[in-house]
Amino acid sequence: MHQLWKIALAGSMALICANSAYAVELGAKDEPIKLAINEWTGQQVTTHIAGKILEAAGYKVEYVTAGYQNMWQAVSEGQLDAALEVWSSNVTEQYKQMNKDGKVEDIGALGLTAREGFAYPPHVAELCPGLPNWEALKKCASIFATAETLPKGRLVDYPGDWGTPGADRIKALGLPFKAIPAGSEGALVAEFKASVERKTPLLAVFWMPHWAVAKYDLKFVELPKGTPECYTDPSYGPNKDVTGDCDFIPTRVFKTVWPGVKQKWPAAYEILKAFTLSTDQQQPLMGAVDVDGKSTETVTDEWVKANASIWKPIVTAAIK
């Protein structure tokens with residue numbers, strides 16, 4: 001993904017982004033803009049930073065907890081006004097159709113450089129020789145087995161609300177694993193922590209940016225290259241009878257709004273379009289919440305206060 005701001009160039013790049021907006025009216029500033037809060041820390045950090053910037057511009061903001069997979073009808077109807085960290089790798093067909101029909105608007109890349117895949121701690125390579133090559137998993141699946149998966153290996157998948165990317169891939173690739181959904185983001189991280197401390201086998205679907213990738217030195221399995229063709233044409237990938245027998249397509253992380261935002265809150269629309277957050281900016285904030293135990297509210301408030309030079313030009317450029 002395009003990473004619009006590096007820390008060292010934050011000030012100058014912010015001015016570039018600010019110039020992409022144009023001055024408009026605030027609109028219905030007495031009515032709150034409802035921002036979707038989803039199930040993972042990074043999204044919550046992103047959304048609270050955006051919300052605080054909107055508040056600094058003179059808007060009221062309401063944070064609404066919403067299921068990532070089933071929130072799109074609410075966005076299309078204006079019950080939710082924006083979802084600010086959407087991953088292209090696991091958006092629903094409902095979203096795609098609503099976007100095509102003009103009921104949900106894509107307002108551009110967030111700025112994160114993202115990756116998803118099958119991840120494991122470094123010691124697992126010693127237990128399963130041949131990693132990171134995916135075909136090594138065919139021979140050593142049994143070491144990952146648990147009571148609930150025997151005789152197959154256990155793959156910890158995303159929480160159920162996020163879709164079934166692990167289950168889909170092991171089926172397409174013919175890997176002798178059973179996917180078990182994690183209970184939450186925190187449960188996924190706890191799996192890595194326990195594996196590293198006890199030197200036990202673990203394979204899980206995970207993503208970056210995430211502080212746990214650096215903390216546990218996580219590695220990614222080298223699956224067959226993910227391409228659009230792999231998901232539409234069975235002739236691509238190692239299994240000629242199915243589609244999806246490959247890695248995640250490089251993920252685009254983007255922002256969406258209810259199309260009525262542009263008319264109801266014109267300046268907010270311009271601010272959210274111009275708003276970006278880089279991996280370098282987001283990842284330490286995730287760690288401050290999940291590792292240091294600070295609240296999302298505190299962490300994002302501190303960031304906004306310390307980085308006025310990044311976001312104020314956007315607000316200034318947007319407001320008439």
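This is a predicted model: local features need pLDDT of at least 70, side-chain atom pairs count only at pLDDT 80 or more; totals for chains, interfaces and linings use all residues.
User: At what angle do H2 and H13 pack?

Analyst: Helix H2 (residues 41-56) packs against helix H13 (residues 296-306) at about 50°, and their axes are 9 Å apart. That angle makes H2 oblique to H13 (under 35 degrees is roughly parallel, over 145 roughly antiparallel, 65 to 115 roughly perpendicular, and the rest oblique). Axes are lines fitted to C-alpha atoms, for helices over the stretch in contact, and angles run from 0 to 180 degrees between N-to-C directions. Helices are DSSP runs of H or I with at least four residues, and strands are E runs with at least two, numbered from the N terminus.

User: Which residues make the contact?

Analyst: H2 contributes Gln-44, Val-45, His-48, Ile-49 and Lys-52, and H13 contributes Thr-296, Glu-297, Thr-300, Asp-301, Trp-303 and Val-304; contact means heavy atoms within 4.5 Å.

User: Is that crossing left-handed or right-handed?

Analyst: The crossing of H2 and H13 is right-handed, meaning that the near helix is turned clockwise from the far one by less than a right angle.

User: Changing topic, how many disulfides are there?

Analyst: The count comes to two disulfides, each a pair of cysteine sulfur atoms within 2.5 Å. With the bonded cysteines numbered in sequence order, the pairing is 1-2, 3-4.

User: Where does the Cys-128 to Cys-140 link sit?

Analyst: Cys-128 lies in the loop between helix H5 (124-127) and helix H6 (136-140), and Cys-140 in helix H6, so the pair ties together parts 12 residues apart in sequence. The S to S distance is 1.8 Å, and the torsion about the S-S bond is about -60°, so this disulfide is left-handed.

User: Are those two cysteines buried or exposed?

Analyst: Cys-128 is buried at 0% relative accessible area, and Cys-140 also counts as buried at 8% (buried is under 20%, exposed over 50%, partly exposed in between, with a 1.4 Å probe and protein chains only).

User: And what about Cys-230 and Cys-246?

Analyst: A disulfide joins Cys-230 to Cys-246, with S to S 2.2 Å. Both lie in the loop between strand S9 (219-220) and strand S10 (253-257), so the pair ties together parts 16 residues apart in sequence. The link is left-handed, with -115° about the S-S bond. Cys-230 is buried at 1% relative accessible area, and Cys-246 is buried at 0%.

Note on methods: Residues are numbered from 1 along each chain as its sequence is written. Side-chain values use heavy atoms; hydrogens and water are left out.
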